[in-house]
Amino acid sequence: MAFELHKDENGTEQYGIFSIFPQGLVVHAVSTRFGGVSKTPYDSMNLAMHVGDDEAVVVENRRRFLGWLGLDFVRLTTPEQVHDDNIVCVGEAEAGRGRFSYADSIPATDALMTDVPGIPLMLCFADCTPILLFDPVRRVAAIAHGGWKGTVRSIAAKTVRAMAEAFGTRPEDCLAGIGPSIGACCYEVGDDVAGKFREAFPQFADEIVSEHNGVIHLDLWKTNRLQLEEAGLLPNHIDTAGVCTACHARTFFSYRAEGPTTGRIAAVMAIK
Ligand SMILES: [Zn+2]
(Lines give C-alpha, C1' and ligand atoms only; values in the text may rest on other atoms or scores of the structure.)
Protein backbone atom coordinates (compact mmCIF):
# COMPACT_ATOMS: atom_id res chain seq x y z
CA MET A 1 0.00 0.00 0.00
CA ALA A 2 1.17 3.47 -0.75
CA PHE A 3 0.14 7.08 -1.26
CA GLU A 4 2.17 8.68 -4.02
CA LEU A 5 2.25 12.15 -5.51
CA HIS A 6 1.70 12.39 -9.25
CA LYS A 7 3.81 15.01 -11.07
CA ASP A 8 3.21 16.74 -14.38
CA GLU A 9 5.87 17.03 -17.09
CA ASN A 10 7.43 20.02 -15.29
CA GLY A 11 7.76 18.17 -12.02
CA THR A 12 4.84 19.93 -10.33
CA GLU A 13 3.23 17.71 -7.70
CA GLN A 14 -0.41 17.84 -8.82
CA TYR A 15 -2.16 15.29 -6.60
CA GLY A 16 -1.69 12.13 -4.59
CA ILE A 17 -3.35 8.77 -5.11
CA PHE A 18 -3.65 5.64 -3.00
CA SER A 19 -2.56 2.34 -4.54
CA ILE A 20 -5.32 0.57 -2.59
CA PHE A 21 -8.15 1.80 -4.86
CA PRO A 22 -8.62 -0.09 -8.16
CA GLN A 23 -8.08 2.55 -10.85
CA GLY A 24 -10.18 0.59 -13.33
CA LEU A 25 -13.27 1.04 -11.13
CA VAL A 26 -12.90 4.42 -9.43
CA VAL A 27 -11.06 7.69 -10.06
CA HIS A 28 -9.77 9.40 -6.94
CA ALA A 29 -7.17 11.95 -5.87
CA VAL A 30 -6.14 14.31 -3.10
CA SER A 31 -4.93 17.65 -4.41
CA THR A 32 -1.82 19.59 -3.42
CA ARG A 33 -1.56 23.39 -3.38
CA PHE A 34 0.21 23.42 -6.74
CA GLY A 35 -1.03 24.05 -10.27
CA GLY A 36 -3.88 26.53 -9.64
CA VAL A 37 -4.41 30.24 -10.25
CA SER A 38 -5.25 31.58 -6.76
CA LYS A 39 -3.09 34.33 -5.30
CA THR A 40 -1.49 34.50 -1.84
CA PRO A 41 -2.59 33.35 0.74
CA TYR A 42 -4.61 30.88 -1.35
CA ASP A 43 -1.75 30.02 -3.69
CA SER A 44 -2.37 28.39 -5.80
CA MET A 45 -4.73 25.43 -6.03
CA ASN A 46 -7.37 26.51 -3.50
CA LEU A 47 -10.47 24.40 -4.12
CA ALA A 48 -12.80 25.87 -1.44
CA MET A 49 -15.24 28.78 -1.81
CA HIS A 50 -15.86 29.57 1.86
CA VAL A 51 -12.39 30.89 2.72
CA GLY A 52 -12.51 34.34 1.05
CA ASP A 53 -10.99 33.49 -2.33
CA ASP A 54 -12.64 34.67 -5.57
CA GLU A 55 -15.29 32.13 -6.64
CA ALA A 56 -14.42 32.48 -10.33
CA VAL A 57 -10.80 31.67 -9.52
CA VAL A 58 -11.85 28.63 -7.48
CA VAL A 59 -14.02 27.44 -10.38
CA GLU A 60 -10.96 27.63 -12.68
CA ASN A 61 -8.94 25.64 -10.12
CA ARG A 62 -11.70 23.04 -9.87
CA ARG A 63 -11.86 22.73 -13.66
CA ARG A 64 -8.09 22.22 -13.82
CA PHE A 65 -7.99 19.65 -11.01
CA LEU A 66 -10.86 17.62 -12.48
CA GLY A 67 -9.37 18.00 -15.96
CA TRP A 68 -6.13 16.33 -14.82
CA LEU A 69 -8.25 13.38 -13.69
CA GLY A 70 -10.50 13.28 -16.76
CA LEU A 71 -13.59 14.10 -14.65
CA ASP A 72 -16.65 16.16 -15.57
CA PHE A 73 -16.82 19.56 -13.82
CA VAL A 74 -20.54 19.89 -14.64
CA ARG A 75 -21.32 16.93 -12.32
CA LEU A 76 -18.95 17.98 -9.50
CA THR A 77 -20.84 17.74 -6.20
CA THR A 78 -19.66 19.28 -2.95
CA PRO A 79 -21.17 20.07 0.47
CA GLU A 80 -21.11 22.84 3.05
CA GLN A 81 -18.93 21.19 5.71
CA VAL A 82 -19.82 21.99 9.30
CA HIS A 83 -17.78 19.52 11.42
CA ASP A 84 -20.78 17.33 12.22
CA ASP A 85 -21.82 13.83 11.12
CA ASN A 86 -24.56 14.28 8.52
CA ILE A 87 -24.10 11.94 5.53
CA VAL A 88 -25.84 12.52 2.18
CA CYS A 89 -26.42 10.01 -0.59
CA VAL A 90 -25.78 11.74 -3.93
CA GLY A 91 -27.93 10.77 -6.91
CA GLU A 92 -28.86 12.49 -10.16
CA ALA A 93 -30.90 15.11 -8.26
CA GLU A 94 -27.84 16.29 -6.31
CA ALA A 95 -25.27 16.00 -9.13
CA GLY A 96 -23.52 19.31 -9.73
CA ARG A 97 -24.54 20.96 -6.44
CA GLY A 98 -22.02 23.48 -5.16
CA ARG A 99 -19.70 23.46 -8.17
CA PHE A 100 -20.20 27.15 -9.04
CA SER A 101 -21.10 28.65 -5.66
CA TYR A 102 -20.88 27.85 -1.99
CA ALA A 103 -24.53 28.89 -1.46
CA ASP A 104 -25.64 26.08 -3.78
CA SER A 105 -23.63 23.33 -2.04
CA ILE A 106 -25.35 20.49 -0.18
CA PRO A 107 -26.08 22.08 3.22
CA ALA A 108 -24.57 21.01 6.56
CA THR A 109 -23.02 17.75 5.41
CA ASP A 110 -19.64 16.17 6.21
CA ALA A 111 -19.78 12.98 4.15
CA LEU A 112 -21.03 12.19 0.66
CA MET A 113 -21.60 8.80 -0.93
CA THR A 114 -22.85 7.64 -4.31
CA ASP A 115 -23.33 4.57 -6.47
CA VAL A 116 -23.85 6.61 -9.64
CA PRO A 117 -20.95 6.46 -12.11
CA GLY A 118 -19.42 9.74 -13.25
CA ILE A 119 -20.44 12.00 -10.35
CA PRO A 120 -17.26 13.45 -8.78
CA LEU A 121 -17.73 13.86 -5.02
CA MET A 122 -15.46 16.47 -3.46
CA LEU A 123 -14.74 17.60 0.11
CA CYS A 124 -12.21 20.24 1.20
CA PHE A 125 -9.55 20.10 3.90
CA ALA A 126 -6.77 22.02 5.65
CA ASP A 127 -5.39 19.67 8.36
CA CYS A 128 -8.68 17.80 8.85
CA THR A 129 -8.58 14.14 7.84
CA PRO A 130 -10.02 13.05 4.48
CA ILE A 131 -11.38 9.50 4.65
CA LEU A 132 -11.95 7.99 1.20
CA LEU A 133 -14.04 4.82 0.98
CA PHE A 134 -14.79 2.47 -1.91
CA ASP A 135 -16.76 -0.74 -2.08
CA PRO A 136 -15.55 -2.53 -5.24
CA VAL A 137 -18.30 -5.18 -4.99
CA ARG A 138 -21.36 -2.89 -4.77
CA ARG A 139 -19.49 -0.07 -6.57
CA VAL A 140 -20.08 2.62 -3.98
CA ALA A 141 -17.76 5.57 -3.28
CA ALA A 142 -17.76 7.91 -0.28
CA ILE A 143 -15.66 10.68 1.26
CA ALA A 144 -15.88 11.77 4.90
CA HIS A 145 -14.50 14.87 6.62
CA GLY A 146 -12.77 13.89 9.84
CA GLY A 147 -11.59 16.89 11.77
CA TRP A 148 -11.49 16.28 15.49
CA LYS A 149 -15.23 16.91 15.79
CA GLY A 150 -16.19 14.55 12.96
CA THR A 151 -13.68 11.95 14.14
CA VAL A 152 -14.92 11.98 17.73
CA ARG A 153 -18.46 11.53 16.36
CA SER A 154 -17.16 8.52 14.35
CA ILE A 155 -18.12 9.93 10.97
CA ALA A 156 -15.90 7.40 9.13
CA ALA A 157 -17.58 4.42 10.81
CA LYS A 158 -21.02 5.99 10.35
CA THR A 159 -20.33 6.44 6.64
CA VAL A 160 -19.51 2.73 6.32
CA ARG A 161 -22.81 1.93 8.05
CA ALA A 162 -24.66 4.35 5.76
CA MET A 163 -23.12 2.59 2.73
CA ALA A 164 -24.33 -0.72 4.15
CA GLU A 165 -27.86 0.57 4.73
CA ALA A 166 -28.22 2.33 1.39
CA PHE A 167 -26.38 -0.07 -0.89
CA GLY A 168 -25.74 -3.31 0.97
CA THR A 169 -22.00 -2.67 1.34
CA ARG A 170 -20.30 -5.35 3.41
CA PRO A 171 -17.61 -3.68 5.54
CA GLU A 172 -15.16 -6.49 4.81
CA ASP A 173 -15.32 -5.57 1.10
CA CYS A 174 -14.72 -1.88 1.75
CA LEU A 175 -11.39 -0.18 0.99
CA ALA A 176 -10.26 3.00 2.78
CA GLY A 177 -7.65 5.71 2.30
CA ILE A 178 -6.82 8.09 5.15
CA GLY A 179 -5.45 11.16 3.43
CA PRO A 180 -2.88 13.88 4.14
CA SER A 181 -3.86 15.77 7.30
CA ILE A 182 -2.32 16.94 10.54
CA GLY A 183 -0.27 14.20 12.18
CA ALA A 184 0.14 13.44 15.86
CA CYS A 185 3.60 15.06 15.49
CA CYS A 186 1.99 18.51 15.12
CA TYR A 187 -1.50 18.08 16.56
CA GLU A 188 -1.41 19.48 20.08
CA VAL A 189 -4.80 19.56 21.82
CA GLY A 190 -6.13 20.73 25.17
CA ASP A 191 -7.49 18.65 28.02
CA ASP A 192 -11.05 19.20 26.78
CA VAL A 193 -10.49 17.65 23.34
CA ALA A 194 -8.31 14.87 24.74
CA GLY A 195 -11.03 14.11 27.29
CA LYS A 196 -13.69 13.82 24.60
CA PHE A 197 -11.54 11.27 22.72
CA ARG A 198 -10.79 9.25 25.86
CA GLU A 199 -14.52 9.19 26.58
CA ALA A 200 -15.56 8.27 23.02
CA PHE A 201 -12.86 5.63 22.52
CA PRO A 202 -11.91 4.17 25.93
CA GLN A 203 -10.97 0.86 24.24
CA PHE A 204 -8.00 2.45 22.45
CA ALA A 205 -7.54 5.78 24.23
CA ASP A 206 -3.91 5.03 25.09
CA GLU A 207 -3.09 4.53 21.41
CA ILE A 208 -4.53 7.84 20.20
CA VAL A 209 -3.81 10.32 23.00
CA SER A 210 -0.25 10.80 24.24
CA GLU A 211 1.32 13.28 26.61
CA HIS A 212 4.93 14.49 26.58
CA ASN A 213 6.18 17.13 29.00
CA GLY A 214 2.66 18.32 29.70
CA VAL A 215 1.73 18.65 26.01
CA ILE A 216 -1.05 16.42 24.72
CA HIS A 217 -0.90 15.07 21.16
CA LEU A 218 -3.87 13.50 19.35
CA ASP A 219 -3.54 10.95 16.52
CA LEU A 220 -6.47 11.40 14.12
CA TRP A 221 -5.02 8.95 11.58
CA LYS A 222 -5.00 6.12 14.09
CA THR A 223 -8.41 7.06 15.54
CA ASN A 224 -9.95 6.85 12.08
CA ARG A 225 -8.13 3.61 11.26
CA LEU A 226 -9.21 1.93 14.51
CA GLN A 227 -12.83 3.06 14.20
CA LEU A 228 -12.90 1.71 10.63
CA GLU A 229 -11.52 -1.62 11.86
CA GLU A 230 -14.23 -1.70 14.53
CA ALA A 231 -16.78 -0.99 11.79
CA GLY A 232 -15.61 -4.20 10.11
CA LEU A 233 -12.97 -3.11 7.62
CA LEU A 234 -10.01 -5.43 7.29
CA PRO A 235 -6.71 -3.92 8.52
CA ASN A 236 -5.08 -4.60 5.15
CA HIS A 237 -7.91 -2.73 3.41
CA ILE A 238 -6.99 0.56 5.11
CA ASP A 239 -4.18 2.71 3.76
CA THR A 240 -2.89 5.74 5.66
CA ALA A 241 -1.04 8.34 3.58
CA GLY A 242 1.07 9.20 6.62
CA VAL A 243 1.65 12.73 5.34
CA CYS A 244 1.37 15.53 7.92
CA THR A 245 -0.01 18.70 6.33
CA ALA A 246 1.48 20.96 9.02
CA CYS A 247 4.96 19.46 8.47
CA HIS A 248 4.40 19.78 4.71
CA ALA A 249 2.59 23.13 4.51
CA ARG A 250 4.66 23.97 1.42
CA THR A 251 2.87 21.18 -0.47
CA PHE A 252 -0.55 21.18 1.26
CA PHE A 253 -2.63 23.85 2.98
CA SER A 254 -2.43 23.80 6.78
CA TYR A 255 -4.73 25.64 9.19
CA ARG A 256 -2.36 25.04 12.09
CA ALA A 257 0.79 26.07 10.24
CA GLU A 258 -0.64 29.05 8.33
CA GLY A 259 -3.67 30.25 10.28
CA PRO A 260 -7.33 30.38 9.25
CA THR A 261 -6.80 32.46 6.10
CA THR A 262 -5.42 29.90 3.72
CA GLY A 263 -6.67 27.62 0.98
CA ARG A 264 -8.08 24.12 1.07
CA ILE A 265 -6.96 20.96 -0.64
CA ALA A 266 -9.65 18.53 -1.77
CA ALA A 267 -10.31 14.84 -1.97
CA VAL A 268 -12.30 13.71 -4.97
CA MET A 269 -13.80 10.36 -5.97
CA ALA A 270 -15.89 9.31 -8.96
CA ILE A 271 -17.05 5.83 -9.88
CA LYS A 272 -16.10 4.85 -13.43
ZN1 LIG B 1 3.65 17.15 11.62
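This is a predicted model: local features need pLDDT of at least 70, side-chain atom pairs count only at pLDDT 80 or more; totals for chains, interfaces and linings use all residues.

Let's start with helix α1. It runs over residues 55-69, so to speak a stretch of 15 residues. From first C-alpha to last, α1 reaches 21 Å, close to the 21 Å expected at 1.5 Å a residue. Which of its residues are buried? They are V58, V59, N61, R62, F65, L66 and L69. An α-helix has 3.6 residues a turn, so residues three or four places apart point the same way.

What do the buried residues of α1 pack against? Four strands: β2 (13-18), β3 (26-31), β6 (121-125) and β14 (265-271).

Now look at the two ends. At the start of α1, a side-chain oxygen of D54 comes to within 3.0 Å of the backbone nitrogen of A56. After α1 comes G70, with a positive phi near 75°.

On to helix α3, residues 155-167. It has 13 residues and reaches 18 Å between its first and last C-alpha, close to the 18 Å expected at 1.5 Å a residue. Its buried residues are I155, A156, A157, T159, V160, A162, M163 and F167. The elements covering them include β4, β5 (111-114), β7 (129-135), β8, α2 and α6 (220-230). Just after α3 there is a glycine again: G168 takes a positive phi of about 75°.

Rolling a probe the size of a water molecule over the atoms shows where empty space is left. The largest pocket holds about 510 Å³ of space. It is lined by 24 residues, and the closest to its centre are H83, A126, C128, H145 and R264. Which elements each supply at least two residues of that lining? Those are β6, α2 (148-152) and α7 (255-258).

Take H145 first. H145 lies in strand β8, residues 140-146. Buried or exposed? H145 is buried, because its relative accessible area is 4%, and the cut-off for buried is under 20%. The side chain of H145 makes a polar contact of 2.6 Å with the side chain of D110. Beyond four places in sequence, H145 touches Q81, H83, D110, L123, C124, F125, C128, T129, G150 and I155. Notice that H83 is on that list.

So, H83 itself. H83 sits in the loop between α1 and β4 (87-89). At 32% relative accessibility, H83 counts as partly exposed. Its backbone is worth a look too: H83 has a positive phi of about 60°, although it is not a glycine.

There is another histidine to visit. H28 is in strand β3, and at 4% relative accessibility it counts as buried. The side chain of H28 reaches the backbone nitrogen of F18 at 2.8 Å. Leaving out residues up to four places away in sequence, H28 touches I17, F18, F21, L132, V268 and M269.

Now M49, in the loop between β3 and α1. M49 counts as buried, at 7% relative accessibility. Where does the chain come back to it? M49 and S101 are 52 residues apart in sequence, but 7.0 Å apart in space, C-alpha to C-alpha. Contacts of M49 beyond four places in sequence include V58, V59 and R62.

Most residues other than glycine have a negative phi, and most peptide bonds are trans. Where are the cis bonds here? One joins T40 and P41, with omega about 5°. Another runs from D43 to S44, with omega near -15°. P41 is in the loop between β3 and α1, and S44 is found in that loop as well.

Finally, N213 has a positive phi of about 50° without being a glycine. N213 lies in the loop between β11 (209-212) and β12 (215-218). N213 is exposed, with a relative accessible area of 82%.

That's the tour.

Terms used
Residues are numbered from 1 along each chain as its sequence is written. Side-chain values use heavy atoms; hydrogens and water are left out. The expected span of a helix is 1.5 Å times one less than its number of residues. Buried means under 20% relative accessible area, exposed over 50%, partly exposed in between (1.4 Å probe, protein chains only). Contact means heavy atoms within 4.5 Å. A polar contact is a pair of N or O atoms within 3.5 Å; within protein, one must be able to donate a hydrogen and the other to accept it, and residues adjacent in sequence count only if both atoms are side-chain atoms. On a 1 Å grid over the protein atoms alone, a cavity is a set of points where a 1.4 Å probe fits but cannot get out, and a pocket is an open set with protein on both sides within 12 Å along at least five of seven lines; lining residues have an atom within 4 Å of a point. Grid points are joined across faces, edges and corners, and a volume is the space filled by probe spheres set on the points.
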